[in-house]
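Please open the model in a viewer and keep the selection tool at hand.

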Amino acid sequence: MTIEKPIGLSRLLEEYEPGDRVVIDINPSQQKGIPHRRYQGRVGIVKEVRRRSLIVGINLSPRKEKVLIVRLDHVVPLRA
């Protein structure tokens with residue numbers, strides 16, 4: 001059995017803007033606003049910033065895009 005570390009405060013205070021690229025990283029200790037597990041590790045583009053969540057667009061295929069509403073606990077900025 002593994003014990004989950006609490007996420008850092010700096011991860012929650014990260015500023016996002018439309019057009020930023022983010023990685024969906026599901027935090028199992030927070031149940032609200034959790035995306036489906038099939039999107040774990042996917043890279044998306046921020047479409048809209050809300051108070052506690054982000055609207056993220058994910059390309060599933062060249063013609064199909066999925067739009068997710070994800071809380072800030074479940075995203076990490078893409079560091080490339």
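**Before starting**

This is a predicted model, in which local features need pLDDT of at least 70 and side-chain atom pairs count only at pLDDT 80 or more, while totals for chains, interfaces and linings use all residues. Residues are numbered from 1 along each chain as its sequence is written, and side-chain values use heavy atoms, with hydrogens and water left out.

**Stop 1: the sheet**

Begin with a cartoon view and select the strands. Helices (H or I, at least four residues) and strands (E, at least two) are DSSP runs, numbered from the N terminus. Two strands are said to pair if DSSP finds at least two bridges between them.

In what order do the 5 strands stand in the open sheet? The order is 4-3-2-1-5, and the pairing is antiparallel. Strand 4 (65-71) and strand 5 (75-77) stand at the edges, each with a single partner strand, so one side of each has no neighbour in the sheet. On average, neighbouring strands of this sheet are turned by 45° against each other, direction ignored; the angle is taken between axes, which are lines fitted to C-alpha atoms (for helices over the stretch in contact), and such angles run from 0 to 180 degrees between N-to-C directions.

Next, select residues 21-24 and 43-49. These are strand 1 and strand 2, which pair in the antiparallel sense over 3 bridges. Within this selection, Val23 stands opposite Val43 in strand 2.

A hairpin of 3 residues joins strand 2 to strand 3. Across this pair, Glu48 stands opposite Ile55 in strand 3.

**Stop 2: the nonpolar core**

Now display side chains for Tyr16, Val22, Ile24, Leu54, Ile58, Leu68 and Val75. These residues have the most contacts inside the largest nonpolar core, which has 13 residues. A nonpolar core is a set of buried Ala, Val, Leu, Ile, Met, Phe, Trp, Tyr and Cys residues joined through side-chain atoms within 4.5 Å. Buried means under 20% relative accessible area, exposed means over 50%, and partly exposed lies in between (1.4 Å probe, protein chains only).

Strand 1, strand 3 and strand 4 are the elements that give two or more residues to this core. Strand 3 supplies the largest share, 3 residues.

How many salt bridges does a search of the whole structure find? The search finds 4, a salt bridge being a side-chain nitrogen of Lys or Arg within 4 Å of a carboxyl oxygen of Asp or Glu.

Select Arg11 and Asp25, whose side chains meet in a salt bridge (3.5 Å, N to O). The pair links distant parts of the chain: Arg11 belongs to helix 1 (residues 9-12) and Asp25 to the loop between strand 1 and strand 2, 14 residues apart. Arg11 is partly exposed, with a relative accessible area of 21%, and Asp25 is also partly exposed, at 28%.

Move to Glu65 and Lys47, where the side chains meet in a salt bridge (3.2 Å, N to O). Here too distant parts of the chain are linked, with Glu65 in strand 4 and Lys47 in strand 2, 18 residues apart. Glu65 is partly exposed at 40% relative accessible area, and Lys47 is partly exposed at 44%.

Then select Arg50 together with Glu48. Their side chains form a salt bridge (3.5 Å, N to O). Arg50 counts as partly exposed at 40% relative accessibility, as does Glu48 at 39%.

**Stop 3: Asp20**

Select Asp20, which lies in the loop between helix 1 and strand 1. Asp20 is partly exposed, with a relative accessible area of 28%. Residues up to four places away in sequence aside, Asp20 touches Glu15, Gly44, Ile45 and Val46. A polar atom of the Asp20 side chain lies 2.8 Å from the backbone nitrogen of Glu17. For a view across the model, draw a distance between the C-alpha atoms of Asp20 and Ile69: these residues are 49 residues apart along the chain, and the atoms are separated by 15 Å.

**Stop 4: Asn27**

Finish at Asn27, in the loop between strand 1 and strand 2. Is Asn27 buried or exposed? At 7% relative accessibility, Asn27 counts as buried. Apart from its neighbours within four places in sequence, Asn27 is in contact with Ile7, Ile34, Asp73 and His74.

Technical notes:
Contact = heavy atoms within 4.5 Å. Polar contact = N/O pair within 3.5 Å; in protein donor to acceptor, adjacent residues only side chain to side chain.
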